[in-house]
Structures are given as C-alpha cells and as structure tokens.
Amino acid sequence: MIIDYAILGLLSWKPLTGYDIKRVMQDSPFLYWSGNNNQIYKALTKLLTRYENIMTQQLAMRKEEKRREKNFPNRSEQERFVWEMLCHNFVMICEAELSWIQQFRKGLEHFRKER
C-alpha cells in the first residue's frame, strides 16, 4: 500500500512514466525502494481499479440522489433547476471518467496483444 501512496504523490507532482517513477524512488533518500517496473505497473493497475470502483459508486449515489429528489416538493423552481443541473453534471463527470477508464483498459490490452 505504501508504494501506491508514493506513486500518487509523485504523479500529483507531475506526469511521470513508470520508468521515471522508479528512477525518482531510487534516487531519493526518502523514497528508497528496490523494486522493479512490474511492481509499479501492478500498483498503477490496482490504483486504476480502485478509481473505477470509486467512480462507479459515485455514479450510483448521484443517480439515487436524483431518484430521491422527488421527495423534496418544497423546493422552489430555482432550487429545483440548480439541483438538477448539479446532479446532471455529477452524473456526466462520472460517466465520462468510467468511459475513459474503459478506453484506457482497451488501449492497454492492445499493447499486451502485440507482445
């Protein structure tokens, strides 16, 4: 789990390849790590799966919130409009992220088949 957090921290700093991540970790006195590139890519795959699960949960929550919105009849038209727009935006973001993850996974499969 520690490597996951280190990778996230490094990627939040700037975009890096798996090789760059390994090099930064090896060169750092604070992030000493003697693993290989496979461990980095496994950790990235695990992080992607966790992110996909979070986005799936968020999408389900937003849809449920939309369904339950009918239980608030005292909202003004403006409040209802703002709520619908926010809910629609959240759903679109989650769906777009899940679509990106699927495309990303398909792209990775393409490279695995070429080996």
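The model is predicted. Helix α1 spans residues 2-13, and helix α2 spans residues 18-27. Helix α3 covers 37-68, and α4 covers 77-114. α1 is roughly perpendicular to α2, and α1 is also roughly perpendicular to α3.

**How α1 packs against α2**

- The axes of α1 and α2 come within 11 Å.
- They cross at roughly 105°.
- Angles of 65 to 115 degrees count as roughly perpendicular, so α1 and α2 fall in that class.
- On the α1 side, the contact uses Ile-3, Ala-6, Ile-7, Leu-10 and Leu-11.
- On the α2 side, the partners are Ile-21, Val-24 and Met-25.
- What classes do these contact residues belong to? Eight are nonpolar, none is polar and none is charged.

**How α1 packs against α3**

- The axes of α1 and α3 lie 10 Å apart.
- The angle between them is about 80°.
- That makes α1 and α3 roughly perpendicular to each other.
- From α1, the contact takes in Ile-3, Asp-4, Ile-7, Leu-8 and Leu-11.
- From α3, it takes in Ile-40, Ala-43, Leu-44, Lys-46, Leu-47 and Arg-50.
- This contact has eight nonpolar residues, no polar ones and three charged ones.

**Asp-4, a charged residue in α1**

- Asp-4 sits in helix α1.
- Is Asp-4 buried or exposed? Asp-4 counts as buried, because its relative accessibility is 1% and the cut-off for buried is under 20%.
- Asp-4 is in contact with Ala-43, Lys-46, Leu-47 and Arg-50, leaving aside neighbours within four places in sequence.

- Leu-16 lies in the loop between α1 and α2.
- Leu-16 is buried, because its relative accessible area is 16%.
- Leu-16 touches Leu-10, Leu-11 and Ile-21, not counting residues up to four places away in sequence.
- Leu-10 and Leu-11 of α1 and Ile-21 of α2 also take part in the contact between those helices.
- Leu-16 and Lys-113 are 97 residues apart along the chain, and their C-alpha atoms are separated by 24 Å.

- Val-24 is in helix α2.
- Val-24 counts as partly exposed, because its relative accessibility is 22%.
- From Val-24 to Asn-89 is 65 residues in sequence and 37 Å in space, C-alpha to C-alpha.
- Where is Pro-29? Pro-29 is in the loop between α2 and α3.
- Pro-29 is exposed, because its relative accessible area is 69% and the cut-off for exposed is over 50%.
- Pro-29 and Tyr-51 are 22 residues apart in sequence and 29 Å apart in space, C-alpha to C-alpha.

**Arg-62 and Phe-90, a touching pair**

- Arg-62 is found in helix α3, and Phe-90 is found in helix α4.
- Arg-62 touches Cys-87, Phe-90 and Val-91, not counting residues up to four places away in sequence.
- Arg-62 counts as buried, because its relative accessibility is 15%.
- Phe-90 is partly exposed, because its relative accessible area is 36%.
- Phe-90 and Lys-106 are 16 residues apart in sequence and 25 Å apart in space, C-alpha to C-alpha.

**The largest pocket**

- The largest pocket holds about 730 Å³ of space.
- How many residues line the largest pocket? The lining has 23 residues.
- Tyr-41, Leu-44, Thr-45, Phe-104 and Leu-108 lie nearest the centre of the pocket.
- α1, α2, α3 and α4 each supply at least two residues of the lining.
- Which helix gives the most to the lining? α3 does, with ten residues.
- By class, the lining has 14 nonpolar, four polar and five charged residues.

Note on methods: Residues are numbered from 1 along each chain as its sequence is written. This is a predicted model: local features need pLDDT of at least 70, side-chain atom pairs count only at pLDDT 80 or more; totals for chains, interfaces and linings use all residues. Side-chain values use heavy atoms; hydrogens and water are left out. Helices (H or I, at least four residues) and strands (E, at least two) are DSSP runs, numbered from the N terminus. Buried means under 20% relative accessible area, exposed over 50%, partly exposed in between (1.4 Å probe, protein chains only). Contact means heavy atoms within 4.5 Å. Axes are lines fitted to C-alpha atoms, for helices over the stretch in contact, and angles run from 0 to 180 degrees between N-to-C directions. Angles under 35 degrees count as roughly parallel, over 145 as roughly antiparallel, 65 to 115 as roughly perpendicular and the rest as oblique. Ala, Val, Leu, Ile, Met, Phe, Trp, Tyr, Cys and Pro count as nonpolar, Asp, Glu, Lys and Arg as charged, and the others, Gly among them, as polar. On a 1 Å grid over the protein atoms alone, a cavity is a set of points where a 1.4 Å probe fits but cannot get out, and a pocket is an open set with protein on both sides within 12 Å along at least five of seven lines; lining residues have an atom within 4 Å of a point. Grid points are joined across faces, edges and corners, and a volume is the space filled by probe spheres set on the points.
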